[in-house]
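Keep the sequence and the model side by side while reading.

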Amino acid sequence: MGVNATAMIVPGNGTIFHAPKAVEFPTNPLTAFTLTGTPPEGWTNLGHTSRENTLGFSREGGEASSIGTWLADSTKTIYSSVAWGMSIPALQFDSDVLDMAFNGDFDPVTGGYIVPGQTAAIETQLYVLMQDNTGKLGFWIPNSEVTLGEPPTVNREQYLELPLTASINAADNDVIPAVEGRPGIMELFKTGLVAP
């Protein structure tokens, strides 16, 4: 497409939404989701996340290996499997964030939140919304498993974080169509981005 300054974005503000996997994703997410407005039905805003330790995607694997034959070297390049993930530095100590971190429950006697000793991730779909004064950028992740990443650490000059980690899994083909047999894991939406 060439040089296009409006295709860039500085993610000055953003938030993350979550919903059970069966909840419908809106057809126009850049309009349906706003940073502080009411989210679409069935979706919940995860709330405040860290500005200093922003969310981040991770990708492991995908290394190239050259294979050959007895007749010829390097006849094909193959790639190892890839695992995608995302770190979410959540700040709100409320039931939504605590459930994603620990998948525990409230003690009916004391009212405290019970943190189990074993990990049991929450299966959910996520929508990450970022924006600046030129537009919005969104990532829809329909199949993820979220749990606590690293344990919280205390810094007297910053908000206490619950560092969540999301494993990004392949979506069913009826949710995100495969591309040349490769399952989709997320869809990206950008103000001004249109299919060719």
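Contact here means heavy atoms within 4.5 Å. The model is a predicted one, in which local features need pLDDT of at least 70 and side-chain atom pairs count only at pLDDT 80 or more, while totals for chains, interfaces and linings use all residues. Residues are numbered from 1 along each chain as its sequence is written, and side-chain values use heavy atoms, with hydrogens and water left out.

With that rule in hand, S50 touches P89, L91 and E161, if residues up to four places away in sequence are not counted. S50 itself lies in the loop between strand 2 (44-45) and strand 3 (56-61), where strands, like helices, are DSSP runs numbered from the N terminus (E, at least two residues, for strands; H or I, at least four, for helices). With a relative accessible area of 7%, S50 is buried, a word that stands for under 20% relative accessible area, as against exposed for over 50% and partly exposed for the range in between (1.4 Å probe, protein chains only). The side chain of S50 also has a polar atom 3.2 Å from the backbone nitrogen of E52, and a polar atom of that side chain lies 2.9 Å from the backbone nitrogen of N53.

A nonpolar core is a set of buried Ala, Val, Leu, Ile, Met, Phe, Trp, Tyr and Cys residues joined through side-chain atoms within 4.5 Å. The largest such core has 24 residues, and L46, M86, I88, F102, L126, L162 and L164 are those that touch the most other members. Strand 6, helix 2, strand 9, strand 10 and strand 11 each supply at least two residues of this core. Apart from it lies another core, of twelve residues, which includes A19, F25, L129 and A171. In soluble globular proteins, nonpolar side chains tend to be buried together.

Helix 2 (residues 95-102) has V97, L98, M100, A101 and F102 as its buried residues, and the elements covering them include strand 1, strand 6, strand 8 (113-114), strand 9, strand 10 (135-148) and strand 11 (162-168). After helix 2 comes N103, whose phi is positive, near 50 degrees.

How many salt bridges does the chain have, if one is defined as a side-chain nitrogen of Lys or Arg within 4 Å of a carboxyl oxygen of Asp or Glu? The count comes to one salt bridge, and K21 forms it with E123, the closest N and O atoms being 3.5 Å apart. This pair links distant parts of the chain, for K21 is in the loop between strand 1 (13-19) and helix 1 (29-32), whereas E123 is in strand 9 (residues 122-132), 102 residues apart. K21 is partly exposed, with a relative accessible area of 38%.

Elsewhere, I67 has its place in strand 4 (residues 64-67) and, at 36% relative accessibility, counts as partly exposed. I67 and G42 are 25 residues apart in sequence, yet 48 Å separates them in space, C-alpha to C-alpha.

For the chain as a whole, there are two helices and twelve strands, and the C-alpha atoms fill a box of roughly 75 × 40 × 40 Å, taken along the principal axes. Of its 196 residues, 30% count as buried.

Definitions and conventions
A polar contact is a pair of N or O atoms within 3.5 Å; within protein, one must be able to donate a hydrogen and the other to accept it, and residues adjacent in sequence count only if both atoms are side-chain atoms.
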